[in-house]
Amino acid sequence: MQRPGRMETLAVVMERPRELTLRRLGLVAPTSSDLVVEIAWSGISTGTERLLWQGTMPPFPGLAYPLVPGYESVGRVVEAGAAVRDLLGRLVFVPGAVCYEGARGLFGGAARRLVVPAARVVPLPESVGEHGVLLALAATALHARGTGPLPDLIVGHGALGRLLARLAVLEGGRPTVWETNPARAAGARGYDVIHPDADARRDYARIVDMSGAPDLVDALVGRLARGGEIVLAGFYDRVAFAFPPAFMKEVRFSIAAEFAPADLARVAALVAEGVLALDGLITHRRAAADAPEAYETAFGDPDCIKMVLDWREAA
């Protein structure tokens, strides 16, 4: 039961690796520059959140259990501090929050109610709705695209691969996308999706790997033109490759880290302008009350491209 004067929320909590619960947590008091956001939808990341759930996330400052995961949340501002009253009532994207008593916010977005600095949220058009949870993935794809030539090969036709391909098409490109799961091969828009075994090309100039599979690097080196580039845009524990083939081709390697605020602002503008489409990527939806089962599906079902938790009926 909530104590008088204490704000609480229902949240997804990873108590320890492979143990996920849904329970109430206290919230810190908002300041004059904070917002209280009532979350309607949150996405489940099959990259970083899977590592947190498995307990295989490499150590970094602040990592400890119990924790609240999630950095893909969309909700409405229900309270606003004196300095940010203009956002009251707005639909916003929230890339996580650090606002809990009794649990860490890593990344803190999977909850019914959040306290978050106004500077962290991104206002959304009402028409975006649940698709707004994909904003972080779109920003990650834009960050992986970088400033160099457009990718002509993208590895993986999950949500990230699709978003990168859509961004490339917007710039006039027509990349090839590799996908080994036949169920994920559909849904291409202006580009081609093929099984790598059906691809004879050995002259790609820029390959972006969205799969996170470190054992693919040698195969990718063999597909590059001389002087080509491989962008590692997944999350890897360790990457190794045979040096002689990479040496002979003078391969360049790049690493795309997490998205920056400028990436988030850019894709938000593209979505608001109706230029970047986010539809067709959410394949699974579950009520927040079913969070444990939803996470199992998101991490274990290869046909699940994007799972969204619906918080609208949660207390």
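Buried means under 20% relative accessible area, exposed means over 50%, and partly exposed lies in between. The model is predicted.

**Exercise 1. Aromatic pairs**

How many aromatic pairs are there, and what is the geometry of the Tyr71 and Phe107 pair?

Solution. 
- Step 1. Rings pair if their centres lie within 6.5 Å. By this rule there are five aromatic pairs.
- Step 2. The ring centres of Tyr71 and Phe107 are 5.6 Å apart, with the planes at 85 degrees. Planes over 60 degrees apart count as edge-to-face. The pair is therefore edge-to-face.
- Step 3. Now place the residues. Tyr71 lies in the loop between strand S4 (67-68) and strand S5 (73-80). Phe107 lies in the loop between strand S8 (104-105) and strand S9 (113-117). The pair therefore ties together parts that are 36 residues apart in sequence.

**Exercise 2. A ring cluster and a charge**

Which residues form a cluster with Trp53 through ring pairs, and which charged end sits over the ring of Trp53?

Solution. 
- Step 1. Ring pairs link Trp53 with Tyr295 and Phe299 into a cluster.
- Step 2. The charged end of Arg18 sits over the Trp53 ring, 4.8 Å from the ring centre.

**Exercise 3. The six-stranded sheet**

Give the strand order of the open sheet of six strands, then explain why one side of S13 and of S16 is left without a neighbour.

Solution. 
- Step 1. The order is S13-S12-S11-S14-S15-S16, and the pairing is parallel.
- Step 2. Strand S13 (192-194) and strand S16 (252-255) stand at the edges. Each has a single partner strand, so one side of each lacks a neighbour in the sheet.
- Step 3. From one strand to the next, the twist averages 20 degrees.
- Step 4. Strand S11 (residues 153-155) runs parallel to strand S14 (residues 204-209), and three bridges join them. Ile154 has Val208 in S14 as its bridge partner.

**Exercise 4. Surroundings of Ile207**

Where is Ile207 found, and what does Ile207 touch?

Solution. 
- Step 1. Ile207 belongs to strand S14.
- Step 2. Its relative accessible area is 0%, so Ile207 is buried.
- Step 3. Not counting residues up to four places away in sequence, Ile207 touches residues including Asp152, Leu153, Val155, Leu220 and Ile230.
- Step 4. Phe253 is 46 residues from Ile207 in sequence and 9.8 Å away in space, C-alpha to C-alpha.

Definitions and conventions:
Residues numbered from 1 in each chain as written. Predicted model: local features only at pLDDT ≥ 70, side-chain atom pairs only at ≥ 80, totals over all residues. Heavy atoms only, no water. Pairing = 2+ DSSP bridges. Helix = DSSP H or I, 4+ residues; strand = E, 2+ residues; numbered from the N terminus. Axes fitted to C-alpha atoms, helices over the stretch in contact; angles between N-to-C directions. Phe/Tyr/Trp six-rings, centres within 6.5 Å; stacked < 30°, edge-to-face > 60°. Lys NZ or Arg CZ within 6 Å of the ring centre and 35° of its normal. Buried < 20%, exposed > 50% of the residue type's maximum accessible area, 1.4 Å probe, protein only. Contact = heavy atoms within 4.5 Å.
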